[in-house]
Amino acid sequence: MACVHDHSCEDHDCSSDFSLYKHVDLSKVSALNEAIPGSVKSVFRSWEQRLNSSEGHLESNEGDPELLVFIPFTSDVKIKSISVVGGADGTSPSKMRAFINREGIDFSDAQNMQPIQEWDLAENLQGVLEYQTKYSRFQGVGNLTLHFPDNFGGDATQIHYIGLKGEATQLKRDVVATIVYEIMPNPSDHKTKADGGGGLSHVE
Amino acid sequence: MVLEATMICVDNSEWMRNGDYSPTRFQAQADAVNLICGAKTQSNPENTVGVLTMAGKGVRVLVTPTSDLGKILACMHGLEVGGECNLAAGIQVAQLALKHRQNKKQQQRIIVFVGSPVKYDKKVLEMIGRKLKKNSVALDIVNFGEEDEGKSEKLEALLAAVNNNDSSHIVHVPSGSNALSDVLISTPIFTGDGEGGSGFAAAAAAAAAGGVSGFDFGVDPNLDPELALALRVSMEEERARQEAAAKKAAEEASKQEKGGEQPSASQDATMTENVSAAAPGAEDKTSDLMDDENALLQQALAMSMDDPAASVVTRDTDMSEAAAEDQDLALALQLSVQEGSKDQASQTDMSQLLADQSFVSSILASLPGVDPNDPSVKDLLASMQSQSESEKKDDEDKAPKEDSK
């Protein structure tokens with residue numbers, strides 16, 4: 001099978017490079033505008049299985065080709081390139097826009113925000129094309145959001161496989177779960193141990 | 001227990017002054033909103049609920065999604081009725097409010113009360129529905145009040161556009177003597193697709209069916225929610241306890257049919273227990289709460305007058321279930337009753353201990369001033385042992401009987 005790399009695939013195992021699917025937190029993967037809820041989880045497979053979509057594929061709703069895929073990882077990863085296998089008859093996505101480390105993006109956010117990178121995709125039914133990332137921007141990725149705004153003219157957009165190539169670090173990005181902002185902060189509302197006695201600061 | 005952020009869209013247009021829902025459409029709506037907020041926050045403590053009004057001067061968000069029930073209840077007070085309802089804008093503002101929720105992990109849901117005629121056409125509503133579906137927002141529609149031609153059709157079209165895997169629902173509430181909140185309790189809007197607020201709903205439904213008018217247990221949940229909750233919980237516990245007692249009594253009664261000896265006095269006692277237990281049992285069995293209210297009332301009257309004839313009729317249902325119950329269990333009960341009457345249980349342990357002569361002699365040796373080799377002590381020990389042996393034989397006769405079951 002022809003590969004974009006200038007070597008033959010028998011020597012160098014491509015499948016081991018596209019191994020970031022193991023670090024995808026499948027239970028938290030979600031997609032917006034998918035026709036069948038939960039079908040997005042089936043697109044993350046190993047490289048050898050990339051054309052085997054017997055367990056289902058991701059399809060958008062009829063008449064609306066937009067898709068938004070949210071991919072959280074179990075540890076921070078560095079993403080080198082992304083491969084996308086679409087569907088036939090114009091149902092392959094034509095553009096891809098990526099956002100990293102942003103949760104809860106919906107369609108209006110995705111359309112208004114500047115993506116960290118965007119690509120024009122070609123119809124890639126055999127899964128041999130991969131799209132390089134600007135590696136320096138994809139260094140500590142805790143979650144990745146892919147927005148596919150358009151396709152090649154089909155009624156709906158189909159995605160059979162998403163492959164991610166890169167490295168996994170063993171670190172987890174520090175996330176503060178909830179932050180409470182105070183409009184008029186008053187230090188005396190927040191007593192610390194130092195206020196009990198000792199400590200240099202004294203607040204009325 | 002689905003983690004959800006809900007926005008409730010309240011219709012406070014002029015059409016809400018009408019009195020075909022008691023006391024007014026608006027008041028019925030407010031009661032329903034209070035109940036829904038309670039159910040949502042109870043089913044999951046991290047759920048948040050917000051409220052906005054669609055009429056008046058314009059669409060206005062009264063409270064953004066919060067888990068503070070008091071704030072939500074407070075904002076429903078002092079709402080003015082007037083103006084015209086703007087359904088499309090209301091839903092869109094609700095969607096925006098949900099988009100900016102604090103906890104992005106919550107599912108988004110909008111509950112809209114449509115009491116006035118819908119002036120938008122089907123196409124506009126369908127477009128709104130599709131946009132909601134695209135952003136995975138669920139929509140519940142409560143259709144009440146004005147029965148405009150095409151209103152139901154438009155709302156059904158909106159639901160079809162929004163519905164994704166049965167997460168959205170529509171309820172049509174006709175005007176009548178049933179309160180809006182009572183009708184809503186049994187719908188999936190309340191029960192949250194089968195799980196979640198069902199405990200709350202079941203308790204409220206049982207209380208409503210029991211013929212208590214107005215508030216549950218005579219306590220206004222608005223004024224004293226903790227007391228109402230405590231009363232509700234204790235009622236459920238009492239019901240569970242009575243059902244357990246009823247089952248046991250029914251088993252003992254079925255044992256009596258086989259010819260075991262049972263004091264009739266205890267049976268009467270359990271019958272009165274069973275009578276009151278059958279009442280909530282009968283309530284639970286009736287699926288349609290409203291129609292059987294009269295029958296239930298009569299049954300309650302009969303039971304309160306302690307009429308055994310009526311109670312036997314109700315008990316027969318329980319007994320027929322229990323008759324097919326475990327034979328061994330009945331036998332065990334019988335044995336335990338017999339044993340209790342002879343008061344053997346307390347003696348068996350002691351007699352076994354005493355029979356162990358070595359144990360006894362070791363104790364005696366440790367006592368000062370007692371010589372185990374003394375003949376009188378030996379005689380005493382021998383007599384005790386023979387007595388304990390005869391008791392032991394009785395116990396052994398019983399033990400195989402117990403083991404055989």
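Trainee: What is the order of the six strands in the open sheet of chain B?

Mentor: The order is S3-S2-S1-S4-S5-S6, with mixed pairing. Strands here are DSSP runs of E (at least two residues), and helices are runs of H or I (at least four), numbered from the N terminus. This is a predicted model: local features need pLDDT of at least 70, side-chain atom pairs count only at pLDDT 80 or more, and totals for chains, interfaces and linings use all residues; side-chain values use heavy atoms, with hydrogens and water left out. Residues are numbered from 1 along each chain as its sequence is written; chains are lettered from A and ligands numbered from 1 in the order in which they are written.

Trainee: Why do strands S3 and S6 of chain B stand at the edges?

Mentor: S3 (60-66) and S6 (169-172) each have a single partner strand, so one side of each lacks a neighbour in the sheet. Neighbouring strands are turned by 10° against each other on average, direction ignored.

Trainee: How do you know that S1 and S2 of chain B are joined?

Mentor: DSSP must find at least two bridges between two strands for them to pair. S1 (residues 4-10) and S2 (residues 48-53) of chain B have six, and they run parallel. B:Ile8, for one, has B:Val51 in S2(B) as its bridge partner. So S1 and S2 of chain B pair.

Trainee: What makes helix H3 of chain B pack on the sheet?

Mentor: Contact means heavy atoms within 4.5 Å. H3 (residues 87-99) touches S1, S2, S3, S4 (107-114) and S5 (137-143) of chain B. Its direction makes about 155° with that of S4(B). Such angles run from 0 to 180 degrees between N-to-C directions, with axes fitted to C-alpha atoms, for helices over the stretch in contact. Helix H5 (residues 151-162) of chain B touches S4, S5 and S6, at about 165° to S5(B).

Trainee: How many residues does each chain give to the contact?

Mentor: Chain A gives 12 and chain B gives eight.

Trainee: Why is the pair A:Asp64 and B:Lys134 called a salt bridge?

Mentor: The rule asks for a side-chain nitrogen of Lys or Arg within 4 Å of a carboxyl oxygen of Asp or Glu. Here N to O is 3.2 Å, so the pair qualifies. It crosses between chains, from the loop between S2 (58-59) and S3 (67-86) of chain A to helix H4 (residues 122-134) of chain B.

Trainee: Where does B:Asn165 lie?

Mentor: B:Asn165 is in the loop between H5 and S6 of chain B. Its phi is near 65°, also a positive value in a residue other than glycine.
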